[in-house]
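Biologist: I'd like to learn how to read a model like this one. Can we take it step by step?

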Amino acid sequence: MSEPILQITDLDKYYGENKAVAGLSFGVEPGEVFGFLGPNGAGKTSTLRMILGLVKPDAGSIRLFGAPWSRDALPRLGYLPEERGLYKRMKAMEAIVFFARLKGLHVAVARRRAHDILERLGLSHVARTRIENLSRGMAQKVQVAAAIAHEPEFLILDEPFSGLDPINQQTIEDIIRDQAKAGRSAIFSTHTMQHAERLCRRILILRKGRKAFEGSVEDARRLLPRRVRLEAAADLSFIAGVPGVDRLEPPQDGRRIWEAILANRTEPGVLLAACMARGVTPTRFDASEPTLHEVFVAVAGADGAAEATSSAGAEAP
Amino acid sequence: MNDIRIIAWREFLQYIRTRGFILTLFFIPAWFILGGVVQQLVAETTSVRYFAVVDESGSFAAAIDRTLEADRQRAIFEGLVAWARANVDIAALSRHAPAVAKLLNQDGGDPATIARFVAAGGAGAVVAAVVPDLRPGAADFVPPRANLLRIDPSPDIVAAAKAHDRSALLPVLKGETPVATADGRVPLFALAVIPADFSATAPGFEYWCENQTDPVVQDFLRRALADELRLQTAAELGLAPASIHRLLDATVTVDRFNPSNAAGNGAVSQDDILRIVLPFGIALLLLVAILSISSMLLMAVIEEKSSRVIEMILASTSAERVMAGKLIGAAGAALILMAGWILGGGGAASLLTHSSPGGIVAALVRAHAFGDMPAVAICFVCGLAIHTTIFLGVGAMARSFQEAQSYLGPLLFILFAPIGFVTVVFNEPNGALATLLSFSPLHAPFFLMMRLPNSPPPIGTALAFLWMIVCTVAIVRLMIWGFVSNILRSEPSPGWRMLGHRLARIWRRPA
């Protein structure tokens, strides 16, 4: 098996008395798009900045490209900061060329790449426009272009979708997918779970500096008990006795919808089978999986944290 | 090295493209030219003051005219000397017409010189004598305009003056009723009434003028009348007229020598004065250049911090290399600024003195202005390194312009406090204060530069240079540490209370 692109082990970071990151360990595999999720203040940006060497860890180790962290790895990294990090008075083309050259590209190559990327992003017409005169979406795309112009092997994106409209969010998603298709790895932090669901195979949820969950998106969904909604004219209270049903909530407000909470790994089909056995035909059977958003709220939010974290211990690989 | 070069080039372009930089670049030469042009304009456009004298004694008007003519010839002589310096090959003139060359080298303030000038035929004769030695493209000599002219008052004015008729004199002295002169009808600036008993024992005269803030006519009349009273008094004492003139015209001339001057057996020339004044000017220009560039550097760092550009850059290279790039870029901009000012200043001097650029360079060579260049260059590099790194360090510490200003206030006070001592250092370049300031880390580059042409003690100067270089290295290293430690800091600076707690914790910590 090949070495992970990034391997973090027992990472700690303090700001004064406040522990921003505590005992964090995870890895990113070659060609993988890794979702780094967590609420505000969870320690995502601190971790990403430690990977880049912008902040020194207080404990733990970071390995990049199979070797201990060193500045020599920086040209192989691409970075998109959370806030727009471009010179306001620089022109779009100049900005991309400047950062690409800092990563070691020859000026002619940097210009050609900048030109190609701007064209691909539909920004050729603003190549000579100052950053301060671009819309937020355009500037963010120029920022992304500056992060990928040198074709980094590992892309670090801090909240890349923040403040963008759905069309621009889709463009950024496409860029990340293109990176993955080209065999490059990426890690991105976000609050918006849909992006992680669409882009990542694996995610990590950070809560108060600690890992609350790490695993596949499917595993994350299994953190929450599955709910099945059934509607029928008959009495469905017998479902409470079906093996694998943890709890049954009877209809409320005069509606005929019953809600069954299944135990872990119980398939919803057992309910349908039980209904058939009783000769009851449900007029509605809804067994959709919990969304990543629901998982995130449960795992990273204050209320559901204890429950989800205990499940995570069991589920995380 | 490539990343340092890229950052340096971007910084350099960022500075030199700003409107502020371009304006600053043109400011000094423009200020030079403006100063000269304004001076010329004032000289050319100041209106001639026409004045009248009602001489009831009947014996002073002629004396006033004599003084007027002497002043006029002195102004022409001084104008001629300045014109000759810029337009005549004096060395060739000394061979071809040594008497004229000698005359042009004499003090115009000495009445004997003016007498010799008049006796030699005045401006016309001197200009004719120097024609063979005029430099190519020499300008024509234009005599300065007379600024004082006496006119004969009309009988009405005389009558009004004698009768103290204020209402009759008012329209005349306000310019509402112009008076007739050879130049046409002009406003009368002032009127003097010399009483019949005007003498050394009763030396008062009346001076009528609506403008009481312009003293030119009043001072001239006082001087002319005082000279005449002295002449009369001396005559009354039985002195011969020739003796009286010798007495009154006696002046003292000074031939200055400096034993350190090898040329001319120690004689001090204009070139020596240029050699002393030039480093002062360069030191002051360096101070202005450093402040301009450092301010831009500070603002750029704060902008990079607030816009998080610095994170993007530091994701590619180290803070030390970023700082090195910034310093090199700033140094390049400062060099352009200094070079622009010096070239522009030279151009302005060439324009104002009607000299060719080659003539200006020749004057600098004669003044040995380039002899101190290596030492000046060391001062320049140290001054720039010290102050730009301090401003960079402050920029890295601050989260906003307001915070930076709070740090800069005390720093600028320390930097500018010794400016008040510049005159003391100029007068006593090797005195205790000048020596002390040469060892002050923040000020040494400027004050050492100022002292260089005054033959400072070699050992003391060598020590001061060594100390300056050591301090520069120490300050730069300290500021690199400050920059690297703070450039990514976004949390507020610790308050006094927090600082106290931290110090107490360090104090209590067991060894």
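**Reading chain B**

Modeller: Start with burial: of the 511 residues of chain B, 29% count as buried (20 or more other C-beta atoms, placed from the backbone, within 10 Å of a residue's own). Keep in mind that this is a predicted model, where local features need pLDDT of at least 70, side-chain atom pairs count only at pLDDT 80 or more, and totals for chains, interfaces and linings use all residues. Residues are numbered from 1 along each chain as its sequence is written, while chains are lettered from A and ligands numbered from 1 in the order in which they are written.

Biologist: How many helices and strands does chain B have?

Modeller: Helices (H or I, at least four residues) and strands (E, at least two) are DSSP runs, numbered from the N terminus. Chain B has 22 helices and six strands.

Biologist: At what angle do the axes of α12(B) and α16(B) cross?

Modeller: Axes are lines fitted to C-alpha atoms, for helices over the stretch in contact, and angles run from 0 to 180 degrees between N-to-C directions. Here α12 (residues 270-306) and α16 (residues 373-397) of chain B come within 9 Å and cross at roughly 25 degrees. That makes α12(B) roughly parallel to α16(B) (angles under 35 degrees).

Biologist: Which residues of α12(B) and α16(B) meet?

Modeller: Contact requires C-beta atoms, placed from the backbone, within 7 Å. Among those meeting are B:I290 and B:L297 in α12(B), and B:F380 and B:F391 in α16(B).

Methods. Buried ≥ 20, exposed ≤ 12 C-beta atoms within 10 Å, placed from the backbone. Parallel < 35°, antiparallel > 145°, perpendicular 65-115°, else oblique. Contact = placed C-beta atoms within 7 Å.
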